[in-house]
Amino acid sequence: MFNILVVDDDKNTRQLIKAVLENEKYTVFTAINGEDALDVLDSKHIDLVVLDVMMPLMDGYEFTKIIRESNETLPILMVSAKQLPADKQKGFLVGTDDYMTKPIDEIEMLLRIKALLRRAKIASERKIVIGDVILDYDSFTVSRKNEVQELPQKEFLLLYKLLSYPGKIFTRIQLMDEIWGAESETGWETVTVHIGRLRKRFENWNEFQIESVRGLGYKAVKKI
């Protein structure tokens, strides 16, 4: 089971979040500020941090900056009463993975935590598993039982990106920038061509599907 660190100087908030997470069978550690949280990280394996922003001694922004200097992959969910766009932007700029505002919607928080843990698992293992289908980033292969397909690099990266965020819509420009690079002189039409190739290649695979979203772009949908 996952270990989650809850960092908040408000005792009631800490206890509430701890109770909600323990009810979902997570192992929960707590800290009252950033300095206290660093001590916990030195002694415990932590899979995700739920972090308040405004705290004494070391606030959430400073804590996140310190963590990102040594750990690029530890998922951090900021939970704050600060609701201005500038506050959220600062959170993302220092390195948080997600940002929620108080009062906390418990169900939304759990959904966000599950999504962050799933993405962190994908990043560390460099694999995506959908039923019998395995996308292996290190070999650019997509396998299903005894069937293995080795994809051209761009096709694999495109499929891997879409399936890392099932249901999320990506525009052609977004995909072009991320897979081919913002400086590429290739037109965005190449994304359409590669999507067509992927659809043809996996047309008989029922585990997932790439869908067009009219006027927006594409999304991957898991079918199991």
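1. Helices (H or I, at least four residues) and strands (E, at least two) are taken here as DSSP runs, numbered from the N terminus. The structure is a predicted model, in which local features need pLDDT of at least 70 and side-chain atom pairs count only at pLDDT 80 or more, while totals for chains, interfaces and linings use all residues. Residues are numbered from 1 along each chain as its sequence is written, and side-chain values use heavy atoms, with hydrogens and water left out.

2. As to the overall fold, the secondary structure of the chain comes to eight helices and twelve strands, and the C-alpha trace spans about 55 × 40 × 30 Å along its principal axes. Of the 224 residues, 44% count as buried, where buried means under 20% relative accessible area, exposed over 50%, and partly exposed in between (1.4 Å probe, protein chains only). Contact means heavy atoms within 4.5 Å; among contacts between residues at least 6 apart in sequence, 53% join residues at least 24 apart.

3. Glu207 sits in the loop between α8 (189–201) and β11 (208–213), and its relative accessibility is 11%, so Glu207 counts as buried. Its side chain makes a polar contact with the side chain of Arg144 at 3.3 Å; a polar contact is a pair of N or O atoms within 3.5 Å, of which, within protein, one must be able to donate a hydrogen and the other to accept it, and residues adjacent in sequence count only if both atoms are side-chain atoms. Not counting residues up to four places away in sequence, Glu207 touches Ile130, Val133, Arg144, Val221, Lys222, Lys223 and Ile224.

4. Helix α3 (residues 60–70) contains Gly60, which counts as buried because its relative accessibility is 0%. The C-alpha atoms of Gly60 and Val7 are separated by 8.5 Å, although the two residues are 53 residues apart along the chain. When residues up to four places away in sequence are not counted, Gly60 touches Leu51, Asp52, Val53, Met55 and Met78.

5. Arg68 also lies in helix α3 and, at 17% relative accessibility, counts as buried. A polar atom of the Arg68 side chain lies 2.8 Å from the backbone oxygen of Gly95, and Gly95 is one of the residues that Arg68 touches, together with Thr73, Leu74, Ile76, Val94 and Asp97, not counting residues up to four places away in sequence.

6. Phe29, in strand β2 (residues 27–31), has a relative accessible area of 22% and is therefore partly exposed. Its contacts, not counting residues up to four places away in sequence, are with Asn3, Ile4, Leu5, Val6, Val40, Lys44 and Ile46, and its C-alpha atom is separated by 9.5 Å from that of Val49, 20 residues apart along the chain.

7. Helix α6 (residues 153–164) and helix α7 (residues 172–180) pack at an angle of about 125 degrees, with their axes 10 Å apart; axes are lines fitted to C-alpha atoms, for helices over the stretch in contact, and angles run from 0 to 180 degrees between N-to-C directions. The two helices are therefore oblique to each other, given that angles under 35 degrees count as roughly parallel, over 145 as roughly antiparallel, 65 to 115 as roughly perpendicular and the rest as oblique. The contact is made by Lys154, Leu157, Leu158, Lys161 and Leu162 of α6 and by Leu175, Glu178, Ile179 and Trp180 of α7.
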